Amino acid sequence: IGDLSSGAPPYTQQEAVNRVSRALQGDPQFFEWHAKDARGRLFWVEANIQVASIGGEQRVVVVVHDIDNLKQTANALRESEERYRSLLDLSPDAIFVHRGGVMVMANRSALRLFGAEREEQLLGLPWTAWIHPDCHDAVRERLQKMQAADGFVVLPAMEQCYLRLDGSSVEVEVTASNILLAKDQAVLSIARDITRRKTNEARLKTLLVQQEAILDNALVGIV
């Protein structure tokens with residue numbers, strides 16, 4: 001068995017013997033193993049060890065399935081997601097991904113926007129939990145458009161109201177697009193806090209109204 005293993009812990013001769021011993025004691029073993037072929041090439045397999053009665057005698061049956069390509073694909077996908085996440089964390093805007101209606105990824109700016117200290121506080125939340133009820137109908141319509149789209153689509157920026165973890169609200173401008181994440185359809189949203197802009201717009205509107213009132217009074221005085 002040792003000749004068929006990589007030899008790097010825990011993929012050693014002793015661990016393989018332990019697996020077989022447990023199977024002989026009535027505990028079937030199902031596990032991944034770093035194996036080695038006759039030429040010394042290392043590869044991954046999925047092994048199933050159990051005891052079966054063959055010809056009236058108890059035999060150890062080992063079924064091995066080559067999963068090397070699957071492992072390489074999974075590793076490449078994980079590395080790709082890590083690079084993707086690193087790029088997202090560089091953005092000053094809140095960027096997050098939701099799949100199946102729940103959040104599965106959020107960058108550091110998104111944590112600040114929602115008032116979270118850890119990403120785990122946001123993961124698994126349904127979109128209805130972070131979007132104000134007044135915006136639910138409009139957001140639901142946008143999600144349906146992306147789900148029905150044939151191919152990649154980017155929705156234009158839309159003002160929405162988000163809810164922080166503490167229940168307070170924040171005005172945001174959101175752009176969304178459909179993406180593929182681990183071969184599944186997902187939605188990537190980019191949200192920018194526009195609270196200051198909205199406050200300045202309100203102040204400007206108030207100032208214009210005041211100036212208009214002053215001008216009207218001045219004209220009345222002239223007449």
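**Asn-178.** I started with Asn-178, which counts as buried at 7% relative accessibility (buried means under 20% relative accessible area, exposed over 50%, partly exposed in between, with a 1.4 Å probe and protein chains only). This is a predicted model, so local features need pLDDT of at least 70, side-chain atom pairs count only at pLDDT 80 or more, and totals for chains, interfaces and linings use all residues. I kept in mind that residues are numbered from 1 along each chain as its sequence is written, and that side-chain values use heavy atoms, with hydrogens and water left out.

I found Asn-178 in strand β7 (residues 169-181); helices (H or I, at least four residues) and strands (E, at least two) are DSSP runs, numbered from the N terminus.

Which backbone atoms lie by a polar atom of the side chain of Asn-178? I noted the backbone oxygen of Gly-151 at 2.9 Å and the backbone nitrogen of Val-153 at 2.8 Å.

I then listed what Asn-178 is in contact with (heavy atoms within 4.5 Å). Leaving aside neighbours within four places in sequence, I got Met-146, Ala-149, Gly-151, Phe-152, Val-153, Gln-185 and Ala-186.

**Around β7.** Next I checked the strands that pair with β7 (a pair needs at least two bridges found by DSSP). Strand β6 (residues 154-163) runs antiparallel to β7, joined by eight bridges, and I saw Leu-163 opposite Ser-169. There are five residues between β6 and β7 in their hairpin, and Gly-167 in the turn has a positive phi of about 95°.

On to strand β8 (residues 184-193): β7 pairs with β8 in the antiparallel sense over ten bridges. Here I found Leu-181 opposite Asp-184.

**A cis bond.** I looked at Pro-9 to Pro-10 and found a cis peptide bond, with omega near 5°. Most peptide bonds are trans. Pro-10 sits in the segment before α1 (13-24).

**A nonpolar patch.** Leu-24, Val-60, Val-62 and Val-64 make a nonpolar patch of about 340 Å². For patches, residues need over 30% relative accessible area and no salt bridge; like charges are joined within 9 Å, nonpolar side chains (Val, Leu, Ile, Met, Phe, Trp, Tyr) within 5 Å. A salt bridge is a side-chain nitrogen of Lys or Arg within 4 Å of a carboxyl oxygen of Asp or Glu.

Which strand gives the most to this patch? I got strand β3 (residues 57-66), with three residues. I picked out Val-60, found in β3: Val-60 counts as partly exposed because its relative accessible area is 37%.

Key: Accessible areas come from the Shrake-Rupley method with a 1.4 Å probe; for residues, only the protein chains shown count as cover. A polar contact is a pair of N or O atoms within 3.5 Å; within protein, one must be able to donate a hydrogen and the other to accept it, and residues adjacent in sequence count only if both atoms are side-chain atoms.
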